[in-house]
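This briefing is for a reader who is new to the structure shown below. It begins with a single residue and then moves on by topic.

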Amino acid sequence: MNLSTYRAQWAFSPLREVLAGMVGTFALIPEVIAFSYIAGVSPAVSLYASFVISVAIAITGGRPGMISGAAGSVALVAAALVHHHGIQYLFLATLVAGAMQIVFGLLKLHVLMRFVSKEVQTGFVNALAILIFSAQVPQMLYVTWHTYALIALGLAIIYLLPKLTTAIPSPLICIVVLTLITIWYPMPVHVVADLGALPTGLPGFTLPHVPLTLETFEIVMPYALAMASVGLLESLMTAGVVDDHTDTHGAPRMECTGLGISNILVGLFGGIAGCGMIGQTVGNLRYGGRGRLSTFTAGAFLLILMVLLHSYVARVPMAALVAIMIMVSVSTFAWGSLRDLMRHPKLSSLVMIITVIVTVTTHDLAAGVAVGVLLSGVFFAWRAMGMLRVETRQSAEADLYLVHGQVFFASADMLYDAIDFQTKAPVVEINLADATFWDITSVDILEKIVSKLQGRSITVRVEGLHSRRHGLIAEQSDEPLLSM
């Protein structure tokens with residue numbers, strides 16, 4: 001990325017960027033605090049981490065307009081480490097995970113995202129929307145009617161105000177209006193302070209207080225690898241969503257290294273590792289955030305709220321944040337995918353549905369994507385297997401087999417089954433000019449066919465062996481089967 005492009009990414013409509021980033025901040029707060037409980041850490045740890053990540057990745061990241069913070073599947077991975085070994089081990093794991101992410105970026109491992117199909121990405125987005133909405137449900141249970149009234153009013157402001165003006169993002173107006181109502185007319189509703197202790201000062205530099213021994217790293221490394229992998233997966237998936245929304249291209253490699261640098265800084269300031277947050281990112285995009293300034297603002301404004309406006313933030317009714325997160329979940333969900341269920345191939349739709357089910361059931365985005373990618377591979381192999389065709393032409397002088405399509409582990413047996421080993425013809429010709437052999441399994445099957453036929457004193461001719469398409473055959477065979 002050249003310097004002029006980098007500068008331009010900071011110069012998009014500054015006022016709009018700042019306002020959109022402020023919306024992102026309020027969308028960060030409830031989810032970050034909620035995931036801090038999942039990870040078994042205090043809200044301050046996650047809030048400080050979100051500040052550091054947002055500010056750092058705004059400078060070092062490769063996808064402008066994306067909001068990152070201490071939330072997501074990383075918290076699920078971290079929970080077991082904190083539970084069994086304590087929070088200091090989490091800080092060390094965060095440092096190691098950041099270092100791993102830098103290495104992943106330098107090795108260009110982001111290309112592995114190409115194996116995540118469109119249906120898996122859609123399933124990921126839909127599952128995340130469902131999880132975001134479900135996370136709001138506890139705030140709507142066992143509450144008075146005042147909460148429901150405030151949520152309804154908040155949603156009305158969020159969706160109706162833009163019809164009158166878009167000068168100020170409607171979620172910000174929602175927060176201000178609902179907070180003033182609850183201050184002027186006290187009512188029995190939950191506020192942000194009820195979620196847990198909020199930080200009141202600046203984060204301090206610290207190093208993990210753990211023995212730096214081989215045993216310590218044996219404990220930390222598996223968790224660090226999982227945190228690094230899950231964080232990159234979620235960030236790159238979120239970056240893909242931004243690409244689609246903005247019709248621009250980010251720099252995935254730079255995003256990998258930028259996330260790693262950000263997480264190292266997080267570990268040095270006593271925070272939990274984070275990653276891209278798709279719900280908050282969608283909200284940022286919805287209200288005009290396109291550049292690095294909106295990402296920076298989301299983090300900087302979070303610190304301002306926590307330190308300078310601590311008492312006011314504590315009085316924000318949860319109903320306002322719930323209304324914002326409902327809007328984010330609705331915006332995140334790919335509603336067109338419901339219509340596409342009947343239009344797209346059934347196997348593709350099945351992959352999307354299973355990705356959603358696994359993710360929602362396990363609350364693990366990485367597990368859902370992993371299952372989706374696995375199923376996509378299996379179904380692709382199934383479709384490719386069905387494309388193999390073997391034409392047979394038999395005569396008294398020779399049997400001719402014309403092989404068309406892809407020969408690999410899933411389809412090799414179909415080629416084997418097509419051969420008549422009991423033939424009376426003295427010659428068998430196998431023409432591979434319109435076929436491609438992809439793996440050792442397919443080569444072994446061909447060698448097995450030739451060996452069995454030759455064992456019956458039949459002359460075998462393998463025609464159409466092009467080195468560019470069938471070089472694997474020559475590599476695996478000790479002797480050439482037959483020249484063209």
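Y48 is part of helix α3, which spans residues 43-60. The model is predicted. Y48 has a relative accessible area of 15%, which is under the 20% limit, so Y48 counts as buried.

**Surroundings of Y48**

- Leaving aside neighbours within four places in sequence, Y48 is in contact with P199, T200, G201, L202 and P203.
- Y48 and V266 are 218 residues apart in sequence, yet their C-alpha atoms are 8.0 Å apart in space.

**Nonpolar cores**

- In soluble globular proteins, nonpolar side chains tend to be buried together.
- The largest nonpolar core has 109 residues, and within this core F26 and I29 touch the most other members.
- Helix α2 (residues 14-39) supplies the largest share of this core, with 12 residues.
- Not counting residues up to four places away in sequence, I29 touches V192, L302, L305, M306 and V313.

**Helices α8 and α14**

- Two packed helices are described by the angle between their axes and the distance between the axes.
- Helix α8 covers residues 170-184 and helix α14 covers residues 318-332; their axes come within 9 Å and cross at roughly 160°.
- An angle over 145 degrees counts as roughly antiparallel, and α8 and α14 are therefore roughly antiparallel to each other.
- The crossing in which α8 passes α14 is right-handed.
- On the α8 side the meeting residues are P171, C174, I175 and L178, while α14 brings A319, A320, L321, A323, I324 and M327.
- By class, this contact of α8 with α14 has 10 nonpolar residues, no polar residues and no charged residues.

**Helices α15 and α16**

- Helix α15 (residues 336-343) packs with helix α16 (residues 346-362) at an angle of about 140°, and their axes are 8 Å apart.
- The two helices, α15 and α16, are therefore oblique to each other.
- The crossing in which α15 passes α16 is left-handed.
- S337, D340 and L341 of α15 make the contact with S349, M352 and I353 of α16.
- By class, the contact of α15 with α16 has 3 nonpolar, 2 polar and 1 charged residues.

**N126 in helix α6**

- N126 lies in helix α6, which runs over residues 118-134.
- The relative accessible area of N126 is 1%, and residues under 20% count as buried, so N126 is buried.
- Not counting residues up to four places away in sequence, N126 touches F333, A334, S337, M352 and V356.
- S337 of α15 and M352 of α16 also take part in the contact between those two helices.

- S13 is not a glycine, but has a positive phi of about 25°.
- The loop between α1 (3-8) and α2 holds S13, and with a relative accessible area of 45% S13 is partly exposed.
- S457 is a residue other than glycine with a positive phi, near 60°.
- The loop between α19 (440-455) and β6 (459-463) is where S457 is found.
- S457 has a relative accessible area of 70%, which is over 50%, so S457 is exposed.

Conventions:
Residues numbered from 1 in each chain as written. Predicted model: local features only at pLDDT ≥ 70, side-chain atom pairs only at ≥ 80, totals over all residues. Heavy atoms only, no water. Axes fitted to C-alpha atoms, helices over the stretch in contact; angles between N-to-C directions. Helix = DSSP H or I, 4+ residues; strand = E, 2+ residues; numbered from the N terminus. Parallel < 35°, antiparallel > 145°, perpendicular 65-115°, else oblique. Left-handed = near helix turned anticlockwise from the far one by under 90°. Contact = heavy atoms within 4.5 Å. Nonpolar A, V, L, I, M, F, W, Y, C, P; charged D, E, K, R; others polar. Core = buried A, V, L, I, M, F, W, Y, C linked by side-chain atoms within 4.5 Å. Buried < 20%, exposed > 50% of the residue type's maximum accessible area, 1.4 Å probe, protein only.
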